[in-house]
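Here is a short briefing on ligand contacts. Please look over the sequence and structure before reading on.

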Amino acid sequence: MQSTTVPAESSSAALIILSAPSGAGKTTLARKVLLALGKLGRQAAFSVSYTTRPPRPGEVDGRDYHFVTEQAFSRMVDEGQMLEHAQVFGACYGTGRQATLNALAQGQTVFLDIDWQGARQVKRSSPQACTAVFILPPSREALRQRLQGRGQDSAAVIETRMNQAVAEMSHYPEFDYVVVNDDLERASEALLQICLGAVPPDCRAEQHRGLLAELLGEKVGPTR
Ligand code: ADP
Ligand code: 5GP
């Protein structure tokens, strides 16, 4: 993979990786934090990824994703235009290198909504320049209820997403912080603090061993 030239030394620029199982509330949280950063006078934006999957109803090209063909995606990869890229659920997804670097160069906080494979690539190539945050649901049941409450997916799709959630969440140790999205206000404040460079008191994975064990379907060991 081509190395990145993310400007690690810039005081206001920040690359924030957000990963989560579908339905954990990543989009809801990130929108709140974008607004809060704006009120603090900081420019912030979501990176718009490239994908080969077809648009879902209501999705807009250039706003939700750049929807491209497999040939166009491969060409971008070959030409080094992707900051990271991965296969997720049978389709290709990637983050455009130039748009991300331009936004960072302008002093923006950039959110990358990417999976663990992409997070690993960005962290490996520029570890000082980014902060990786894993968003967790407060329980399996809450995750299921949020997927159902969102009303976007059939029962079969929700079952698949619940199984995929366990695989995705098993990568939490590769992230700098975990944010448990229980209470939206508390969780968004924690994410905001991380974006501002602070370390909130309850965002270390080892503080959530019981919850992680429940989410991953493991037996909880002794807590000492
Ligand atoms: P994701 O982007 O991770 O797939 P969404 O942001 O779409 O998840 O959230 C999934 C559903 O859960 C939405 O209906 C949202 O309103 C709801 N939700 C998000 N955060 C919370 C929370 N802290 N408490 C209760 N419901 C939440
Ligand atoms: P969806 O198709 O439901 O929007 O996204 C499916 C998964 O792809 C999510 O886990 C999302 O985080 C991930 N994803 C979206 N864009 C990118 C990207 O640019 N790179 C990587 N690695 N994953 C992405």
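Which side chain has an N or O atom 2.8 Å from a nitrogen atom of ligand 2? Asp-115 does. The model is predicted.

**Ligand 2: polar contacts and cover**
- The side chain of Asp-115 places an N or O atom 2.8 Å from a nitrogen atom of ligand 2.
- Asp-113 has a polar side-chain atom 2.8 Å from an oxygen atom of ligand 2.
- In the side chain of Lys-26, an N or O atom is 3.5 Å from an oxygen atom of ligand 2.
- Ligand 2 has 510 Å² of accessible area on its own, and the protein covers 91% of that area.

**Ligand 2: shell**
- Around ligand 2 there are 16 residues; the nearest are Ser-49, Arg-53, Tyr-65, Glu-84 and Tyr-93.
- Six of the shell residues are nonpolar, four polar and six charged.

- Thr-28 has a side-chain N or O atom 2.5 Å from an oxygen atom of ligand 1.
- Backbone N or O atoms also approach oxygen atoms of ligand 1: one of Gly-23 at 2.8 Å, and one of Gly-25 at 3.0 Å.
- On its own, ligand 1 has 570 Å² of accessible area, of which the protein covers 72%.

**Ligand 1: shell**
- Ligand 1 is surrounded by 13 residues, with Gly-23, Thr-27, Thr-28, Arg-150 and Asn-181 the closest.
- Helix 1 supplies the largest share of this shell, three residues.
- By class, the shell of ligand 1 holds three nonpolar, six polar and four charged residues.

Terms used
Residues numbered from 1 in each chain as written. Chains lettered and ligands numbered in written order. Predicted model: local features only at pLDDT ≥ 70, side-chain atom pairs only at ≥ 80, totals over all residues. Heavy atoms only, no water. Near = heavy atom within 4 Å. Polar contact = N/O pair within 3.5 Å; in protein donor to acceptor, adjacent residues only side chain to side chain. Areas by Shrake-Rupley, 256 points an atom, 1.4 Å probe, with all protein chains shown as cover. Helix = DSSP H or I, 4+ residues; strand = E, 2+ residues; numbered from the N terminus. Nonpolar A, V, L, I, M, F, W, Y, C, P; charged D, E, K, R; others polar.
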